[in-house]
Amino acid sequence: MKVSVGQLAQAPPFDYCVVGSGPAGITLSLALEDAGKRVLLLEGGGESPSEASQELYRGETLGHAYRPLHGCRIRAFGGSSNGWGGWCRALDAVDFEARPGLTDGWPISHGDLAPYATRADELLGLGAAGEEPPLPGASLKQSRFRYSTVNFGQKFRKRLFASTHVAVALDTSLVAILTEGAKVTGLLVDSGGERKTLSARRYVLATGGIENSRLLLWSNQLAQGRLIGNTATLGRYWMEHPHFTLGEILLKQVAGLHFDEYDVSFVSPSTELMVRERLLNSALRIIRDGETQTLDSIRRLARVAPRLARATLRDYRQGNSYGALLRASWEQRPRAENRVALGPQKDRLGIPRVALHWTLDDEDRRSARECAHHLGRLIADLDLGRLRLDDWLSGGAPFPTDDELGGCHHMGGTRMALTPEQGIVDRDCKVFGQGNLYIAGSSVFPSGGFSNPTYTIVQLALRLAEHLTRLEDT
């Protein structure tokens with residue numbers, strides 16, 4: 001049911017208080033409702049996005065150019081599913097494994113999330129996942145995404161607003177997490193300038209891959225370090241999926257690439273190639289061009305290989321070839337210096353705005369470049385076409401600042417680990433040192449793979465709900 005903060009004073013104690021109504025918070029609330037638990041779901045925004053609400057997400061980015069922070073996350077019921085592209089794909093098994101010099105791995109495995117795939121598919125409205133066959137003669141494979149059209153706020157609004165087990169408080173912002181040192185005692189919230197302390201038996205922070213860190217950093221500062229005892233990794237190891245244009249391709253139809261409904265084909269390195277050459281995971285996006293762009297590519301080819309360009313033009317006019325733009329989105333190496341920090345300015349709630357430190361290094365560049373080189377060699381060796389890479393990728397030029405930059409895939413900052421020295425939450429997403437505080441969402445990712453994070457966010461939320469329900473039953 002929909003409630004106001006004032007009404008909550010008369011309500012019986014809740015089993016859980018979930019902060020944030022994005023895919024993580026709504027998935028968790030639905031699963032706990034199914035288990036018969038009483039849930040208070042808090043959302044800092046309203047039923048739909050507003051300028052006033054988005055203003056709370058303003059911040060600064062230090063390092064590489066990035067999107068405005070208030071423009072790449074949404075503070076409203078349904079969270080960022082109000083504006084996401086719907087790309088869904090599970091992480092690969094290798095993404096959970098430690099890769100020396102690149103990632104430390106997860107304390108859980110791909111198999112630990114696999115049981116939640118069917119329910120995740122249902123929530124996201126997805127059909128069956130297609131196979132990802134290798135490309136003949138190469139250490140590459142064709143990867144496939146599925147596309148969801150689900151806006152969590154729209155799809156589940158009616159159910160949650162009518163629920164007798166879930167109370168939904170909109171326009172209710174978390175201001176501070178209160179703790180006695182080993183247990184959270186309540187949440188200080190603000191609703192239209194009115195401040196109240198709300199309580200439950202257990203609490204779950206599900207406010208996103210930047211906000212989870214910001215609220216923990218601020219609450220820990222107010223609690224004089226009693227909320228997070230070991231802050232070595234708090235806010236750190238933040239990650240994005242770099243999104244950049246790599247070059248252009250002219251391909252023959254016999255190359256046999258699978259294109260989805262958006263005329264995009266995805267090519268990724270095999271696990272063997274990643275391990276052998278110490279590469280991060282990546283997805284080369286081959287985006288089929290129209291006639292104008294294809295002819296422009298053939299003209300550029302003619303400057304260096306006129307005979308090949310004539311043959312390519314003949315093939316194109318006969319419908320046997322096509323041009324494509326080569327873009328990529330890929331895994332970023334987790335580095336401590338990439339972090340969410342508290343900036344010098346405060347928002348209207350009195351919480352310091354985010355100062356996001358984000359840089360890209362040569363390791364980030366190398367993985368995308370080498371994967372592209374493998375694709376280029378494959379199509380050249382089999383006479384399937386030609387690939388031209390942009391100069392910045394192969395040379396010493398800096399990363400472009402006028403490209404896609406990133407996918408608004410905010411990961412890390414409260415990473416999952418085996419010990420409090422290595423991360424903020426344990427393998428069950430419980431905050432180290434706090435008996436009743438959990439974190440949901442991509443901020444717990446120790447590494448990111450190349451898959452968009454929402455599918456894994458939903459799987460993790462379902463796993464967390466099952467864990468919490470099991471605790472209640474023992």
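**Note on the predicted model**

1. At 35% relative accessibility, Asp-263 counts as partly exposed; here buried means under 20% relative accessible area, exposed over 50%, and partly exposed in between, with a 1.4 Å probe and protein chains only. This is a predicted model, in which local features need pLDDT of at least 70 and side-chain atom pairs count only at pLDDT 80 or more, while totals for chains, interfaces and linings use all residues. Residues are numbered from 1 along each chain as its sequence is written, and side-chain values use heavy atoms, with hydrogens and water left out.

2. Asp-263 has a phi near 60 degrees, a positive value in a residue other than glycine. Asp-263 sits in the loop between strand 12 (242-252) and strand 13; helices (H or I, at least four residues) and strands (E, at least two) are DSSP runs, numbered from the N terminus. Asp-383 also has a positive phi, near 55 degrees, and is placed in the loop between helix 11 (362-381) and strand 18 (385-389). The relative accessible area of Asp-383 is 42%, so this residue is partly exposed. Most residues other than glycine have a negative phi.

3. An open sheet of 5 strands runs in the order 7-2-1-11-20 with parallel pairing, where two strands pair if DSSP finds at least two bridges between them. Strand 7 (166-169) and strand 20 (437-439) are the edge strands, each pairing on one side only. Strand 2 (residues 39-42) pairs with strand 7 over 4 bridges in the parallel sense, and Leu-42 has Ala-169 of strand 7 as its bridge partner.

4. The second largest pocket holds about 430 Å³ of space. A pocket is an open set of points on a 1 Å grid over the protein atoms alone, where a 1.4 Å probe fits, with protein on both sides within 12 Å along at least five of seven lines; lining residues have an atom within 4 Å of a point. Grid points are joined across faces, edges and corners, and the volume is the space filled by probe spheres set on the points. Of the 22 lining residues, the closest to the centre are Ala-129, Gly-130, Glu-132, Arg-144 and Arg-146. Strand 13 gives the most to this lining, with 3 residues.

5. The count of disulfides is 0, a disulfide being a pair of cysteine sulfur atoms within 2.5 Å. For Cys-72, the nearest cysteine sulfur is that of Cys-408, 4.0 Å away. Cys-72 is buried at a relative accessible area of 8%.
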